[in-house]
Each structure stands twice: as structure tokens, then as C-alpha cells.
Amino acid sequence: MEQYDEQRWPVCPQMVREQYLTTQGNSLQRPENQYVYKIGIYGWRKRCLYLFVLLLLIILVVNFALTIWILKVMWFSTDGMGHLRVTENGIRLEGESEFLFPLYAKEIRSRMDSPLLVDSSQNVTVNARNSNGDVTGRLTVGPNTLQAHGKHFEVHSNTGRMLFSAAEEEVVVGADRLRVTGPEGALFEHSVETPVVRAEPFKQLRLESPTRCLSMDAPKGVQIKARAGNIEASSQRDIVFHTSEGVLVLDAETVKLPKLPHGSQGGSGSSQGLYEVCVCPDGKLYLSVAGIGSTCQDYSRVCQ
């Protein structure tokens, strides 16, 4: 039987030797020319990666420290930043504030116990705009001027009374008294409508028109009164008193006409220093030496 198996299944001596080596030895020999592949980052690439991660960590720490420093310096809190407080009604600033660019606000108001101060090295300009963005009113406070632009300008008292109003058609002064304290007085290029023109106590009132005429009109009358002084009217040409329906009344203890012309023709008799006031047909007055009767006819050459 064994002989039959050997003949049918021949055994190779080399296979028997390898099998023997496998069963006898605990390890299998590897070929010498086998390649080994390493997985991962090694060498200078690994060092660069570690350096980059360290740099990011440093930047993160510096940014966090700067953020904490800015929050502390700017006084950031849940209510606002520094002197800036965010409230239900708007924004509240405490102390002095400086704006480098235009400020747009609906209302600017100070505290109840302190005034509102607006300061600028050049000028302060307040503009009011309509829904289209056009400027409808402007108030400019400059180094030398104060300008207000608008269709109507009004000044009211704390009780709501209108004190001053200016428009293109007219200017109205609503105060009880308009006082001008300048040494040269007030200069008006056109007419002035007022019920009373009065000087200060112990001061002179002077109405003057250097190059034109001076006219005073009133529907019920013009009254000129000096309670403790004289009234003087001077003109380079004529002073005319005209009344259309009434009379001209000179009511005084003494009426003097010192510069009336004298007649050139001598009269009869002694006048004893008395003179007669005569009137020419054109209204001119002149003096004539008084006599027993009227001497105006004798001195009528003045009327020629």
C-alpha cells in the first residue's frame, strides 16, 4: 500500500526540505530586496508645521490681550462706551465731546443742571432739510458774523410772546420798546412806522435827513413835545407847515420872528421902536415901521 502511494504520488526532495524548515523554524525569512514605505510628515516639513502652529497660537494670544486692553481703555460696558450711554430715548454723552465729521440728530439737549455749549475753531452751522434733502433753513455762527437763512425768522420770549420777526415783506418788533444806544443813532433807508419816537431821559432827540426830505405823516395828527427843553427845526431851504382843512395855531406868550426883512421906505411919525408884521400876497412876511395907521402898503416893495 505504501509502495503504491509512493509510486502514484511522488515526493519532491525540495518540497520536503522547505516543509521541514517551516516546521522546524519559528520565523520565515524575508527577501532582502523588499521596500519599506513610511506614512506621515517627517523632517523639515514637520518642523515647519510645528512652527506655523506656534505662530498662530502667539497671534491668538496677542489678539486676545489687545481686545481686553481696548475694552478696558475705551470703558466698554453693557450701557455703552466711556461717557457714551445708550438709553431708551437716545444717546447720552457726559463731559466734552468732539465730532470730526457732520452730526445728524433730531434733537440735541443738555442736562437739566448744565448749559449746552457748542464750540468750533472755524464756524458752527446748523441746517434744516426737507424730505427731498434740500436745505430750507440755515444758521451759521462764524468768527465775525452770525447768519440766518430762511423764509421767516422769529424771536420769542420765554412766555411765547413774539419779540422780533423778519420776513422778505416786513420786519416786526413786538417788544414794548425798541432802544438804540449807538452814538450815531439808527439809520433807516426807507420809511419807519411807529406810534412813538422818544429819546432817553436828559438826552436830545434828533431827526435828520442829510440829503433828502423828512416827512412825518399820521392819520389823526402829529404831536411834537419837549417837556424840559426846546424844539428846533432847521433846513437848508424851506420849512412848510400845511393844513388842508384846519388852521395853523401858534399858541405862546411871545412869538418872535427875528430875521424878518425891513421895509426900505421911510414912514411918517415916530414909531417908538414898534413894527408891524405884514403879509405879501404870496404869503411872505415882512416888518414895517408902525404908525398911526397901517404902513404895509408903504413897505410893499419887499413883495416885489
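A residue counts as buried when its relative accessible area is under 20%. In this predicted model, Thr140 has a relative accessible area of 15% and is therefore buried.

**Surroundings of Thr140**

Thr140 belongs to strand β5, which covers residues 135-141. Leaving out residues up to four places away in sequence, Thr140 touches Val124, Thr125, Thr145, Leu146 and Gln147.

**The second largest pocket**

Strand β4 spans residues 124-129 and, like β3 (91-93), supplies at least two residues of the lining of the second largest pocket. The largest share of that lining comes from β4, with six residues. The pocket holds about 2,300 Å³ of space. Its lining consists of 39 residues, and those nearest the centre are Leu93, Phe99, Leu103, Ile108 and Leu116. Sorted by class, the lining has 18 nonpolar, eleven polar and ten charged residues.

**The largest nonpolar core**

In soluble globular proteins, nonpolar side chains tend to be buried together. The largest nonpolar core here has six residues: Cys278, Cys280, Tyr286, Cys296, Tyr299 and Val302. For Cys278, contacts beyond the neighbours within four places in sequence are made with Lys284, Leu285, Tyr286, Ser288 and Cys296. Of these partners, Tyr286 and Cys296 are also members of the core.

**Salt bridges**

Side chains of opposite charge can pair when their charged atoms come close. Two salt bridges are present in the structure, as listed below.

| Asp176 | Arg161 | 2.6 Å |

In the pair formed by Asp176 and Arg161, each partner sits in a loop: Asp176 between β9 (171-173) and β10 (275-279), and Arg161 between β7 (152-156) and β8 (162-167), so the bridge ties together parts that are 15 residues apart in sequence. Asp176 has a relative accessible area of 71% and is exposed, whereas Arg161, at 39%, is partly exposed.

Methods:
Residues numbered from 1 in each chain as written. Predicted model: local features only at pLDDT ≥ 70, side-chain atom pairs only at ≥ 80, totals over all residues. Heavy atoms only, no water. Salt bridge = Lys/Arg side-chain N within 4 Å of Asp/Glu carboxyl O. Helix = DSSP H or I, 4+ residues; strand = E, 2+ residues; numbered from the N terminus. Buried < 20%, exposed > 50% of the residue type's maximum accessible area, 1.4 Å probe, protein only. 1 Å grid on protein atoms, 1.4 Å probe; cavity = no way out; pocket = protein on both sides within 12 Å on 5 of 7 lines; lining within 4 Å. Points joined across faces, edges and corners; volume = space filled by probe spheres on them. Nonpolar A, V, L, I, M, F, W, Y, C, P; charged D, E, K, R; others polar. Core = buried A, V, L, I, M, F, W, Y, C linked by side-chain atoms within 4.5 Å. Contact = heavy atoms within 4.5 Å.
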